[in-house]
Amino acid sequence: MPILNSKIPEGSIDKKWSNHKSKIRLVNPANKRLIDVIVVGSGLAGGAASASLAELGYNVKTFCFQDSPRRAHSIAAQGGINAAKNYQGDGDSVYRLFYDTIKGGDYRSREANVHRLAEVSANIIDQCVAQGVPFAREYGGLLDNRSFGGVLVSRTFYAKGQTGQQLLLGAYSAMSRQIGKGKIKMYSRHEMLDLVIVDGKARGIIARNLVTGEIQKHSAHAVVLGSGGYGNVFFLSTNAMGSNVTAAWKTHIKGAFFSNPCFTQIHPTCIPVSGDHQSKLTLMSESLRNDGRIWVPKNMEDVLAIREGKLKPTEISAENRDYYLERRYPSFGNLVPRDVASRAAKERCDAGYGVNKTGEAVYLDFASAIERYGKEKAQVLNIDNPSEEEILSLGRKVIETKYGNLFQMYYKIVDDDPYYTPMQIYPAVHYTMGGLWVDYNLMSTIPGCFVAGEANFSDHGANRLGASALMQGLADGYFVLPYTIGDYLADDIRTGPISTDLPEFEKTANEVSENISKLMNIKGSKPVDYFHKRLGKVMWNNVGMARNAEGLNAAIDEIKIIREEFYDDVRIPGDANELNPELEKALRVADLIDLGQLMAIDALNRSESCGGHFREESQTEEGEALRDDENFTYVSAWEYTGDPSKPNHHKEDLVYENIKLVQRSYK
Amino acid sequence: MKLTLKIWRQKGPEEKGKIVTYPIDNIDGDMSFLEMMDVLNVELVKKGESPVAFDHDCREGICGSCSMYIDGEAHGPDRGVTTCQLHMRKFKDGDTIYIEPWRAKAFPIIKDLVVDRSSFDRIMNAGGYISVNTSGNTIDANATPIPKEDADKAFEAATCIGCGACVASCKNASAMLFVSAKVSQLALLPQGQVEAKDRVLKMVEAMDEEGFGNCTNTGACEVECPKGISLENIARMNREYLKAMVKK
C-alpha cells in the first residue's frame, strides 16, 4: 500500500515556503527548451500555469474544451479575490488570512499549504495590476476593498461583479503573449479523455478533437491538470454546462488518489429553481451580503399570504421580519461563512418559512442599504431635507455602481426588479473543495502529474471562504507550480522528447476509442440528460446540504442502478467522428456517475460534521456542525481498485502545529 | 407556448446548409432561450434525429460562448443580454422564430449554429496584452495610483466577452468594437502605455489579415452588444492608431 507523503518542508510555518524555494532544484534555461509540459484547462490555475511555464522557457501545450481559452469557467466568478495587503489598515496580515482560511475550512486543510497561499496572495494583486486588470479604485486612485464572509477585515479586491472575468482575461492575455511567441501551443475544442503513463510516470494524454472526433496522442515530460471542480455531479449547479470531472477522474483511475470528494460547497445566495426545464443555476455574488440583509417573515400567515400573491415583502414591517442570520450570529451577522448561511436558509425553509411557491427561497433585501447610502450621498451633495424619494434614488445609484451587473442579471432571469423589491435566493451547489490528492509540490500520487486550482484538494478544507478560489487558482498557477515542477523536471533534462509511438500511447488511445464505440453502440432509448438529472436528484437529496447514514447508503445503491441503466439504455445520436455534443455529455456523465458514488462513500465514512459536510448524526444542540477531531482530523484519499463501489481508503493525518483546533463559532 | 422554429442546419463546413422548420410546444415563459433549445434537442434525440449543435457554456452571460442570430438580431430581441440570458417571455404564443449562426467570412461555420471564432484569439495573440512576466516581482499594486475615471472606463471596455455579436451585427462584418475594447482598456491604464503604439498597429494589422470588414460608423455593433461596449472605444482606437502612424 503506498504511503502518502505530503512532503511538507521543515522549519517554522512562515519560513517553509521560502526555505523550500531556495533549496528546490532548478532547470537551466537551455534545458527548459528540451522539456514539454501539457496543461489541461485554461482557467485561472491552468491558464496562469501555462503562461508562467512558457515564460520560464518550457514548451507548453494547453488544452481546453471551450472554443477559446478565454471562456474557462473561472470567468464566471463574481465577487472578488482575497489578499493580505492590509491597505485598509484594519489589522490584516498574512497570519490572519492564514488563520481565517483554516478556521473557515473547519480545520480540515493542510496548514503549510494554506500559509503559503496567504504568503503569496499579496503578490497576486501586484501581478494582476501590472497586467492591466482594472480592479475597482477609490477616488484617490488607490485600490478599493470589500468584505466577504467569515472574516472581520476588508481584504477582498474586486472588479464590480466581474472579478473572475477580469482575472481570467489577465491570465488569458499572458497566455496570448506566449501563444504569439510560439511558446504555448493552444488546443481549443479538445478534451482530455485519458492520462498516459510510461514507466510509472505521467507522460502524456489522449485527447479528442471535438470538431473532427479525432483521437489524438500528446506526449510531454509532465502533465498539469487545472481542470476545475465536479459540481455538475448535481446536474443543477452554478457551474458551466461543460464543467466536468473527466480529466481528474481518468487520472484517478490511472492511480491518482481522490481526496475528500464529499466536501462540496453549497452557496447560500443563488437564484431559486423555477421549474423542471432548468438547466443551471445562477449565483448572486456573496459580495451582496455586504449590503443585503437576509430574512423570512416571522409569522406563518405572512408566508402564506406572500405565496398566494396577496402580500408583498415590502409591506411587511421590520418587527414582523426574521433576520435570522443577524439573530443567530450577532457578531458576523449576514457575513457568516457560506456553509453556515446555507444551512440556516435550509433550516428556515424546512420549518415552512420559504417565500416562493416551492417553499425554497428566502429574501436578500437591499432596502436598508439603499436608504443608508442615499442619506450619505445627500449629505455629500449638500441636499437639505431631501425627500424620501430623492434619498432612495441616490441610494439606488450607489448600489448600481457596486452591483449593477448582478442586479441586471437578476432582473433578466426573474423578471423582478431588485432595486424595488427584495431578491429571492436559495442555496445551490457552487464549488468543490475535494479533488485529487497532491503533496506540498502539487504533485498527485502519480509522479509527473500535477494538479492545480479547484481540481486539487489542498487549501480549503471542508468549506471555502468567499474570494479564496480565485486566490488559490492564481497562486497555484503563477507562483507555486512553476517552481515546484522544476524540481521534478530537473531529472528529465537528458530524457529527450517522449515518443507517442510508445506502446503505452497506442494502448491508451485504443481504450479510449473502444469506450467511445461502446457508448455509441448502446443505441438505447433515453438521452444523456435523463440520466444526469436522475443522478443530480439523488446527489442533491442524499449527498447535499444535510446527510445521514441511511440516505447515503440509499444513494450508493441508487447510483449503482443509474449506472447500469445508463450503460444499457443511453441514446447518443450521430457519429463519433464529428462535432457531437451528446457524445461529449455522455462521456462526462459516465464519469460523474462513478464520482457521485465515491462522494457518497466518502460522506458515509466521515461520520462527523465539518464545514459544508453536515452529518445529521453529528450536530450541537443549536444545530451547528459538530466536528470529531479525535477520529477525523485527516484527509481521506481514495484509491481506485477497478470496482468504483469498492475503493481503498487511505488517510493523511492533519497536524496542527500553529493553530489550535476549537469548535468554530461565528456568534 | 406553441412556437415554430426555423433553424439553420448545416452538417459541416463544406456542406450546404438550409433552414429547417421545427414546431415546438409546451414552452414556458420562464425558460431561457437555450433551455427551449434543450427541449427541442431532447425531442430530436428521442426521434433519432441529429440535435441542433450550438455553442454554450456558462449560461449566465459571461463566457461569451453562445452566439445565435435570432430573428435578424445577434442574441435576439432583448437588449443587454446574451442568448443564454434571453427568456422566452420575450416571445408570444404562435410566434415563428428564425435562428441562424453568426455570419462573417472570418467566422466560418463548423456545424449548424456553431462558428469558428479563433480569429479573435489570433488578434489577441498579436498584441492584446501587456508584456510583463508573471513572476510576481513587480511593483506594489498601489505604487501607481490610477484616476478612478480612467480605471472605470478601462473596466467598462474590459467587460467585452468576445462573443462576436458586433461582427455578426455589422453589415461589413467589422471587428472594430471587439478590437477597440481591448486597445482602449490597455491605452487607458498607465501600465499599458509603454507598448500602446506597437499594440494598436499589430492588432489592427491582425484584424485586417483575418478578413474582417471596415467600420463605416453605422453603430449596429453598439446596439447589439450584450455588454454595452461603447462606440467611444472605436474613436479612441482610431486616435491611438493615428498617433502610432504619425510617430512611426
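Chain B places 69 residues in contact with 75 residues of chain A, where contact means heavy atoms within 4.5 Å. This is a predicted model, in which local features need pLDDT of at least 70 and side-chain atom pairs count only at pLDDT 80 or more, while totals for chains, interfaces and linings use all residues. Side-chain values use heavy atoms, with hydrogens and water left out, residues are numbered from 1 along each chain as its sequence is written, and chains are lettered from A.

- Three residues to look for are B:Glu60, B:Thr134 and B:Phe155, which supply 12% of the area that chain B buries against chain A, more than any other three residues.
- Eight salt bridges are counted between chain B and chain A, a salt bridge being a side-chain nitrogen of Lys or Arg within 4 Å of a carboxyl oxygen of Asp or Glu.
- On the side of chain B that touches chain A, α3(B) gives the most, with six residues; helices (H or I, at least four residues) are DSSP runs, numbered from the N terminus.

**Two domains within chain B**

- Chain B is divided into domain 1 (3-111) and domain 2 (118-246), with bounds that come from an automatic or database domain assignment.
- The contact takes 20 residues from domain 1 of chain B and 18 residues from domain 2 of chain B.
- The C-alpha centres of these two domains lie 29 Å apart.
- Between domain 1 and domain 2 of chain B, the buried area is about 1400 Å², with 57% given by carbon and sulfur atoms.
- One salt bridge is found across this domain interface, and the side chains of B:Arg79 and B:Glu224 meet in a salt bridge (3.5 Å, N to O).
- Three residue pairs, both at pLDDT 80 or more, are in polar contact across the interface of domain 1 and domain 2 of chain B.

Key
Buried area is the accessible area (1.4 Å probe) that two parts lose on being put together, summed over both. A polar contact is a pair of N or O atoms within 3.5 Å; within protein, one must be able to donate a hydrogen and the other to accept it, and residues adjacent in sequence count only if both atoms are side-chain atoms. Helices (H or I, at least four residues) and strands (E, at least two) are DSSP runs, numbered from the N terminus.
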